Amino acid sequence: MVRAGTASALTIAAVGGTIVAPGFSSEAAAATPATKALQIAASKKGSPYKYGATGPHRFDCSGLTLYSFKKAGKKLPRTAAQQYNKTRHISAKNRKAGDLVFFHSGSSVYHVGIYAGKNKLWHAPKSGDVVRLQKIWTKSVWYGRVK
């Protein structure tokens, strides 16, 4: 029996609603564009690197980030440097899974990947390689959050 003012699980399901227990969020609600982009990049594991490629089967570094965020509903420019200029810059201690990792030499950005947590990123490394998860190998990185 349902008390007045409350809806049963069957009623909610019948009208297409979702039931979320206090303190929990549904997976769909919890998946931010950054989280979705990270999952999309991970799904491309093993795809060959090809300079200038933006997917869906071959990628260069910024092509992978462009493709992943586009599929997650966010627009990024084409190159790693342009992507860096379009993100909100954050410190290493504030980085989160789904943030972009920009590799730089001096003030020049030359590579980008998507932070996966635990000091690792998904990226399309170089010619002859494939999209893969790898430990961040240098301290010469900056982080950016897609707006």
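User: Why does Arg 78 count as partly exposed?

Analyst: This is a predicted model, so the values below are computed from predicted atoms. Arg 78 has 26% relative accessibility. Buried means under 20% and exposed means over 50%, with partly exposed in between. The value for Arg 78 falls in between, and therefore Arg 78 counts as partly exposed.

User: What makes the pair Asp 60 and Arg 78 a salt bridge?

Analyst: A side-chain nitrogen of Lys or Arg must be within 4 Å of a carboxyl oxygen of Asp or Glu. For Asp 60 and Arg 78 the N to O distance is 2.9 Å, so the pair meets the rule. The pair links distant parts of the chain, 18 residues apart. Asp 60 is in the loop between α3 and α4, and Arg 78 is in the loop between α4 and α5.

User: Why is Asp 60 called buried?

Analyst: Asp 60 has a relative accessible area of 6%. The limit for buried is under 20%, so Asp 60 is buried.

User: Are Asp 99 and Arg 145 buried or exposed?

Analyst: Asp 99 has a relative accessible area of 3% and is buried. Arg 145, with 18%, is buried as well. Each value is set against the cut-off of under 20%.

User: What are the labels of Arg 132 and Asp 129?

Analyst: Arg 132, with a relative accessible area of 28%, is partly exposed. Asp 129, with 15%, is buried.

User: What makes Lys 96 exposed?

Analyst: Lys 96 has 51% relative accessibility. Exposed means over 50%, so Lys 96 counts as exposed. Lys 96 is in the loop between β1 and β2. Together with Lys 86, Arg 88 and Lys 147, Lys 96 belongs to a patch of positive charge on the surface.

User: What is the phi of Lys 118, and where is Lys 118 found?

Analyst: Phi of Lys 118 is near 55 degrees, a positive value in a residue other than glycine. Lys 118 is found in the loop between β3 and β4. Its relative accessible area is 78%, so Lys 118 is exposed. Asn 119, in the loop between β3 and β4, has a positive phi of about 60 degrees although it is not a glycine. Asn 119 is partly exposed, because its relative accessible area is 24%.

User: Which residues does the cis peptide bond join?

Analyst: Gly 55 and Pro 56 are joined by a cis peptide bond, with omega about 5 degrees. Pro 56 is in the loop between α3 and α4.

Key. Residues numbered from 1 in each chain as written. Predicted model: local features only at pLDDT ≥ 70, side-chain atom pairs only at ≥ 80, totals over all residues. Heavy atoms only, no water. Patch = residues over 30% accessible without salt bridge, like charges linked within 9 Å, V, L, I, M, F, W, Y side chains within 5 Å. Areas by Shrake-Rupley, 256 points an atom, 1.4 Å probe, with all protein chains shown as cover. Lys, Arg positive; Asp, Glu negative; His and termini not counted. Charge placed at Lys NZ, Arg CZ, Asp CG, Glu CD. Helix = DSSP H or I, 4+ residues; strand = E, 2+ residues; numbered from the N terminus. Buried < 20%, exposed > 50% of the residue type's maximum accessible area, 1.4 Å probe, protein only.
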